[in-house]
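Colleague: I would like to learn how to read a structure like this one. Could you walk me through some of its features?

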Amino acid sequence: MAILARIASDVQLMFRRPPRQQYAALCYRARKKTAELEVLLLTSRDTGRWVIPKGWPMPGKLSHEVAAREAFEEAGVRGTVETEPLGAFNYDKVLKDGIQVPCRVQVYALDVSDLAKNFKEKGERTVEWVSCNEAIKRVREPELRNIILAFERRMTAGFAAAETK
């Protein structure tokens with residue numbers, strides 16, 4: 001029986017597809033009064049879990065441009081997006097037909113400068129600005145938590161360096 005289980009496992013591995021690629025924006029701002037770093041979280045439309053804006057590749061658009069566009073469509077934010085990714089995380093997306101597909105999400109920082117009153121998915125999601133600590137508590141994906149934590153450290157070091165000048 002062990003040999004049959006091994007063969008079945010090998011066959012599954014042979015037919016497993018690589019993860020599908022998505023691009024996401026870690027949208028951030030500094031609070032006006034306190035200069036505290038905040039990141040934007042929103043709820044997914046299907047499960048209501050806390051996520052960051054993300055989407056599939058788009059023809060003719062670079063990955064960081066896709067991330068910025070998704071941020072506008074899903075949360076109504078615009079700003080300056082970095083061209084180098086902060087990192088990537090994996091998750092299983094449940095498609096409309098119930099099939100789960102593994103996804104790898106490349107994350108780009110987006111410094112938010114403008115909030116739109118109207119945007120494509122307004123009313124379909126809850127959108128909230130939260131501290132990095134709160135974001136880490138809310139998101140489910142451990143790799144995304146690590147990206148947020150590393151981003152907070154980077155930004156805090158940048159703020160400290162700017163204050164000493």
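Modeller: Let us start with a charge and a ring. This is a predicted model, and in it the charged end of Lys54 sits over the ring of Tyr91, 5.0 Å from its centre.

Colleague: Which ring does the charged end of Arg138 sit over?

Modeller: The ring of Trp50, with 4.6 Å between the charged end of Arg138 and the ring centre.

Colleague: Let us stay with rings for a moment. How is a pair of aromatic rings described?

Modeller: Two values are used, the distance of the centres and the angle of the planes. The structure holds two aromatic pairs. In one of them, Phe89 and Tyr91 are 6.2 Å apart, centre to centre, with 35° between the planes, and the pair is tilted.

Colleague: Are Phe89 and Tyr91 buried or exposed?

Modeller: Both Phe89 and Tyr91 are buried.

Colleague: Why does Gln22 count as buried?

Modeller: Because its relative accessible area is 2%, and the cut-off for buried is under 20%.

Colleague: Where is Glu141 found?

Modeller: Glu141 is in the loop between helix H3 (132-138) and helix H4 (142-164). Its relative accessible area is 9%, so Glu141 is buried. Beyond its sequence neighbours up to four places away, Glu141 touches Arg49, Phe89, Asn90 and Tyr91, which brings us back to both rings of the tilted pair.

Colleague: How does a loop residue such as Lys61 compare? Is Lys61 buried or partly exposed?

Modeller: Lys61 lies in the loop between strand E4 (54-55) and helix H2 (63-75). With 36% relative accessibility, Lys61 counts as partly exposed. Leaving out residues up to four places away in sequence, Lys61 touches Val66 and Arg69.

Colleague: Now the interior. What tends to happen to nonpolar side chains in soluble globular proteins?

Modeller: They tend to be buried together. Here the largest nonpolar core has 24 residues, and Ile52, Phe89 and Val107 touch the most other members. At least two residues of this core come from each of strand E1 (20-30), strand E2 (37-43), strand E6 (87-94), strand E7 (100-115), H3 and H4.

Colleague: Which residues is Ile52 in contact with?

Modeller: Setting aside neighbours within four places in sequence, the contacts of Ile52 include Ala24, Leu40, Phe89, Val107 and Leu144. Another core, of 17 residues, lies apart from the largest one, and Cys27, Val51, Ala75 and Trp129 are among its members.

Colleague: You mentioned a cysteine. What is a disulfide?

Modeller: A disulfide is a covalent bond between the sulfur atoms of two cysteines. In this model the count comes to zero disulfides. Cys27 is buried, with a relative accessible area of 0%, and Cys132 is buried too, at 1%.

Colleague: Finally, the overall picture. How many helices and strands does the protein chain have?

Modeller: Four helices and eight strands, in the order α-β-β-β-β-α-β-β-β-β-α-α along the sequence. Of its 165 residues, 35% count as buried. Among contacts with a separation of 6 or more, 68% come from residues 24 or more positions apart. The chain exposes about 10,300 Å², and carbon and sulfur atoms supply 53% of that area.

How values were computed:
Residues numbered from 1 in each chain as written. Predicted model: local features only at pLDDT ≥ 70, side-chain atom pairs only at ≥ 80, totals over all residues. Heavy atoms only, no water. Buried < 20%, exposed > 50% of the residue type's maximum accessible area, 1.4 Å probe, protein only. Contact = heavy atoms within 4.5 Å. Areas by Shrake-Rupley, 256 points an atom, 1.4 Å probe, with all protein chains shown as cover. Disulfide = S-S within 2.5 Å. Core = buried A, V, L, I, M, F, W, Y, C linked by side-chain atoms within 4.5 Å. Phe/Tyr/Trp six-rings, centres within 6.5 Å; stacked < 30°, edge-to-face > 60°. Lys NZ or Arg CZ within 6 Å of the ring centre and 35° of its normal.
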